[in-house]
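Please look over the structure below before reading the notes on its aromatic pairs and one of its helices.

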Amino acid sequence: VSNDGKSPRRIVTPSPAAIALLPKFLDHRRRDVATIRTALDVGDFEAIRRIGHNMRGNGLSYGFPGISAIGERLETEASVRNAPGVLEQLAALEAALARIGEGGATETTPRTESGTRVRAAPGDPEGADKKSGAS
Amino acid sequence: VLIVDDDESMCDLLGAELTARGFEAALETDPERALASLHARAVDVVITDLKMRQMDGLELCERIVAARPDLPVVLLTAHADLTAAVAALRVRAYDFQTKPPDIDALAAVLDRAVRQGRLAQEVRLLDEGTPATPEEHFEGIIGASPPMRELVQLVGRVAEVDAAVLIRGESGTGKELVARALHERSRRRTGAFVALNCAAIPESLLESELFGHVKGAFTDARADRAGLFERARGGTIFLDEIAELHLTLQPKLLRALQERAIRPIGSDREVEVDVRLITATNTDLSSAVEKRQFRADLFYRLNVIEIVVPPLRERGRDILLLAQHFLEQSARAMARDVVGLTASCAAKLTAYSWPGNVRELANVIERAVALTRSSRLNVDDLPEQVRVRDAVLSATLASGMEELVPLEEIERRYIRRVMEATGGNKTLAAQILGVDRRTLYRKDWAVKAEETKPSAAKRMS
């Protein structure tokens with residue numbers, strides 16, 4: 001238990017169960033993209049914050065630390081109602097999903113607990129981090 | 001396991017991971033629906049996310065605990081901070097885990113939660129004095145286990161048949177209770193039920209006790225005295241420990257059964273008798289016949305119908321049903337405010353092999369009720385042999401085998417015995433064995449596989 005309000009980030013190597021569920025996971029993230037756009041149109045930042053929060057958790061569980069990082073930043077931008085910031089993260093998310101799509105759902109870049117990259121793949125969601133200029 | 005998370009991806013993944021680890025998972029993305037479904041679902045444990053759109057996990061946990069106090073709830077939180085820990089405690093969550101969860105650690109928590117929840121539920125049901133169903137209470141016979149249900153059905157079927165019955169069972173299993181049930185369910189129920197233990201009366205007196213005597217038949221015969229056969233006319237005679245009946249008396253008993261007439265000692269007249277004879281033994285009477293210690297013709301006459309009373313260790317949940325029955329009986333008799341068992345006490349009672357059977361259990365509970373300082377019996381109130389009996393030793397002795405066997409064989413026997421004692425309840429069996437459920441699944445499977453091999457039968461014989 002940490003007292004700073006933040007949990008240590010634990011990066012998970014995707015399990016066979018996660019790999020089997022990847023297509024559904026990616027569909028849900030694409031659905032998130034559409035939902036975020038609609039929410040932004042009506043100024044529903046709370047909905048965006050919730051989507052970001054969930055993405056932060058499920059991104060790690062499915063072996064996508066990049067998507068998790070986008071989720072975390074979406075949560076932050078939505079909580080300060082920063083529409084340009086949300087749009088920037090939305091673009092990062094779309095780019096990451098496109099890259100994963102190009103590489104095939106199973107060709108992800110899972111990392112081990114220590115953060116060592118297991119293998120490189122075209123669908124590297126970390127690229128999205130670099131593009132968005134975040135950590 | 002009911003998994004509640006408004007994030008469908010997390011719900012899916014947790015469900016798949018836990019299913020792969022032997023759990024049966026139900027998924028809900030709406031906490032209100034999850035709450036409503038608890039009435040219709042058989043759920044042993046709930047996992048819920050902390051932050052959800054419709055209702056947060058703390059409120060859901062609070063409402064579940066209020067509705068089903070025995071149902072453990074595990075909270076999943078992104079921030080494992082002190083605030084979350086205190087909040088989890090406040091709503092009486094069983095545990096909380098960080099997201100993304102370490103699935104193996106979560107599975108271990110769930111295993112523990114399921115075990116504890118089931119035991120707590122079992123103890124609560126006993127506390128509430130769940131009314132015994134007709135199958136659980138039959139003419140004073142208490143039991144819901146499969147062997148006892150079979151026995152009760154058999155007693156019901158043979159009670160009306162006016163044939164001799166031989167009841168076989170270890171000492172303390174309740175053979176006289178079965179004999180009484182046979183009498184109470186027969187057309188002879190309005191007649192007398194007369195019980196006699198053949199081992200308790202000297203041979204010289206037993207003949208007179210059974211058949212009676214006339215005045216002057218022997219030195220102390222100062223008046224005519226009717227024997228059991230005459231006194232039980234129209235009713236039932238129950239002769240316990242029939243194997244102890246002396247060889248000189250055996251032909252006389254045989255004659256009474258064949259001729260339906262007896263001759264009191266010293267009398268020259270025959271008296272007609274109308275009784276049903278029920279006998280019981282805790283030994284192997286057929287082997288006594290082989291050794292010529294018991295007459296074969298009498299054995300066949302007595303053994304028209306055989307009823308076997310199972311030992312307590314094979315009666316699974318009956319142990320707790322009986323324990324609660326004796327507890328209430330003793331508490332009433334001693335005017336003590338003892339209402340039930342703690343979960344750990346229940347686990348010890350279920351794990352013990354009960355060589356003295358129901359009689360031993362009754363004594364253990366009576367003693368515990370007399371000595372306890374709390375309203376619930378706990379492990380400290382049990383005698384040493386129940387608390388610390390060497391489980392492996394009991395596994396070997398329970399099969400009555402004296403040969404030396406490999407360790408693997410001991411394990412196999414013990415797993416089989418614990419599975420029998422728990423009525424096949426793998427969760428309770430795993431708790432008793434101190435292994436997780438998956439290990440037990442694997443080992444139980446190996447036990448069954450081994451026992452189907454032809455060579456296994458040879459080794460076990």
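This is a predicted model: local features need pLDDT of at least 70, side-chain atom pairs count only at pLDDT 80 or more; totals for chains, interfaces and linings use all residues.

Residues are numbered from 1 along each chain as its sequence is written, chains are lettered from A and ligands numbered from 1 in the order in which they are written, and side-chain values use heavy atoms, without hydrogens and water.

**Aromatic pairs**

- Over all chains there are 6 aromatic pairs (rings of Phe, Tyr and the six-membered ring of Trp, centres within 6.5 Å; stacked under 30 degrees between planes, edge-to-face over 60, the rest tilted).
- B:F193 and B:F238 are stacked, at 6.3 Å centre to centre and 20 degrees between the planes.
- B:F193 belongs to strand β9 (residues 193–197) of chain B and B:F238 to strand β12 (residues 236–240) of chain B, so their pair ties together parts 45 residues apart in sequence.
- Helices (H or I, at least four residues) and strands (E, at least two) are DSSP runs, numbered from the N terminus.
- Both B:F193 and B:F238 are buried (under 20% relative accessible area with a 1.4 Å probe, protein chains only; exposed is over 50%, partly exposed in between).
- B:F211 and B:F229 are also stacked, because their ring centres are 5.6 Å apart and their planes at 20 degrees.
- This pair links helix α8 (residues 203–211) of chain B, holding B:F211, to helix α9 (residues 228–231) of chain B, holding B:F229, 18 residues apart.
- B:F211 and B:F229 are both buried.
- One aromatic cluster is made up of A:F25, A:Y62 and A:F64.

**Helix α19 of chain B**

- Buried residues in helix α19 (residues 426–433) of chain B include B:T427, B:L428, B:A429, B:A430 and B:I432.
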